[in-house]
Amino acid sequence: MKELLKTIYERTQKSYDYQTYEDLYYMSKEAMKTDISLGVKYLKLLSTECEKFILSPSLSTEEVRKLYNLHKRVCLAAAPYDFDLYLLYVEWNREPEKKFYPPRRKVLKQVVDALQDLADDRLDLLAVSLPPGTGKTTLAIFYLTWLAGKIPNDPILTGSHSNSFVRGVYDECLRIFDRNGDYLWHDVFPEVSVTNTNAKDCRIDLDQRQRFETLEFTSIGTGNAGLYRAATLLYCDDLVSGIEVALSKERLDKLWETYATDLRQRKIGDHCKELHIATRWSVHDVIGRLEDKYSNSDRAKFIVIPALNEKDESNFNYAYGVGFSTKVYHEQRNMMDEVSWRALYMNEPIERDGILYQQEELRRYFELPDGEPDSVIAVCDTKDRGADYCCMPIAYQYGQNYFIEDILCDNSKPEMVDARLVEILMKHKVKLARFESNSAGGRVAQAVQADLKKKGSITHITTKFTTANKDTKIIVNSPFCKEHFLFKDESVYPNRDYKKAIDMLCSYTMMGKNKHDDVPDAFAQLAEFVQSLQGEKVEVFKRPW
């Protein structure tokens, strides 16, 4: 069967033929009788082919109609087992502009795939951090209805910060289950039906009546002992109720304790999964603490999609106007303080009380002073392969002040970063640069110096191995940085690297864990480099005798 399916699928790749598509559909359904995963695999491949040719101008209206109906049958056949195709099918009869998933699919597909892994026992824990209003909770509601149809006689528990929230989720699940409503849930699970509802306690039972209902909803901290259980899934959505809780470490500590001793204790059995979905508020929120504990586990996944991408453009510009444009996000950013924006919309929460560099305390400038600088120097905090950033600030010295005219801040592949280092050093005619020689730094310095020499650059590179504790070095050098370094005004940032670097500098906290400390480390190195040069300064003075 496996080889036959492969052969038929390969025929679909050569040219469009409706009969071949239909043959693959029937053979996939036949395969599912003995091997569900094999049949679903080829139904998914066939779905992709249908989507591709439905929009083809080479097909007649009648051919498009036939292919459209075949695609619907494909999605229905796979829907009980594949969350992506379930989402497509249950909304099939809705008007395009009213559908939730299709306009958002391009962005949310990575979340859908992770939810599939959670259901297929490839993950035990999934945390999803998205900006407000991007569809994360609605996606989770569809997930609840899919799991409920698949496993109706094991309880699923949803917890959140308020009764009004869980009541809204309860009502929306009932809308999806409604036989006379907009959704085709009963086509996917024809043998399952709602057997009992409890609006007061927000409970929905499917299939057989049981002590613990299929879907149970509660607000955190309301006393759940003996009342709720989670066997299939524990779903936590926005446990932090608002900024008042987020700003209080004591209240976040209490929230974590409540989650650990209340919601999490409702899990039964060895196979209950956890799903956390939230707009991030603080490094000390529940997702932040779970990430500290499980970030290195291959059974846990933490998905973060920020409001704006690397090009400062919206990640959520959905079709039919249901998302957010770049303009809207830029306006929102301008109305908020930097820390709140980074936490709520970029999902990069930082500890407010421990921020080392505040945006408003940085010295700023628009243009360099008149005349030639005393010197142009740079330091480079290098990176190896991985998520770390290479950071190189370029400093123009005028007396005791150092104007940060440019900054390279890049976590691309090492070979790409090396080329950019050469380019920026030559552009600013840097005379002296110091490279950190830890890890890959020595290699980078050697490669960059060799390339500069070939191109006739005047830059001379030295290296230094750093032994000091990084956090200590950053903190003790911050007063010098604040006093002697000037940064470009936000209105005249030369590039995205500069903005990214300043954001990282002003996100460094002395309390808690820092996801990226490469930029503040680079400026600490620059401060040490500057002071070492000042220590070697020769001063001419009149002989005292």
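A disulfide is a pair of cysteine sulfur atoms within 2.5 Å. The structure holds 0 disulfides. Cys-391 is in no disulfide, and its nearest cysteine sulfur, that of Cys-409, is 5.2 Å away. That separation is too far for a bond. Cys-391 has 0% relative accessibility and therefore counts as buried, a term that means under 20% relative accessible area, with exposed over 50% and partly exposed in between (1.4 Å probe, protein chains only). Cys-409 is likewise buried, with a relative accessible area of 0%.

This is a predicted model, in which local features need pLDDT of at least 70 and side-chain atom pairs count only at pLDDT 80 or more, while totals for chains, interfaces and linings use all residues. Residues are numbered from 1 along each chain as its sequence is written, and side-chain values use heavy atoms, leaving out hydrogens and water.

Consider next helix α7, residues 136–150. Helices are DSSP runs (H or I, at least four residues), numbered from the N terminus. The expected span is 1.5 Å times one less than the number of residues, so the 15 residues of α7 should span 21 Å, which agrees with the 21 Å between its end C-alpha atoms. Of these 15 residues, 13 are buried, so that α7 is mostly covered.

Two packed helices are described by the angle between their axes and the distance between the axes. Helix α6 (residues 101–119) packs against α7 at about 30 degrees, with the axes 12 Å apart. This angle makes α6 roughly parallel to α7, a label for angles under 35 degrees. The contact (heavy atoms within 4.5 Å) involves residues including Leu-108 and Val-111 of α6 and Tyr-143 and Trp-146 of α7.

Conventions:
Helix = DSSP H or I, 4+ residues; strand = E, 2+ residues; numbered from the N terminus. Axes fitted to C-alpha atoms, helices over the stretch in contact; angles between N-to-C directions. Parallel < 35°, antiparallel > 145°, perpendicular 65-115°, else oblique.
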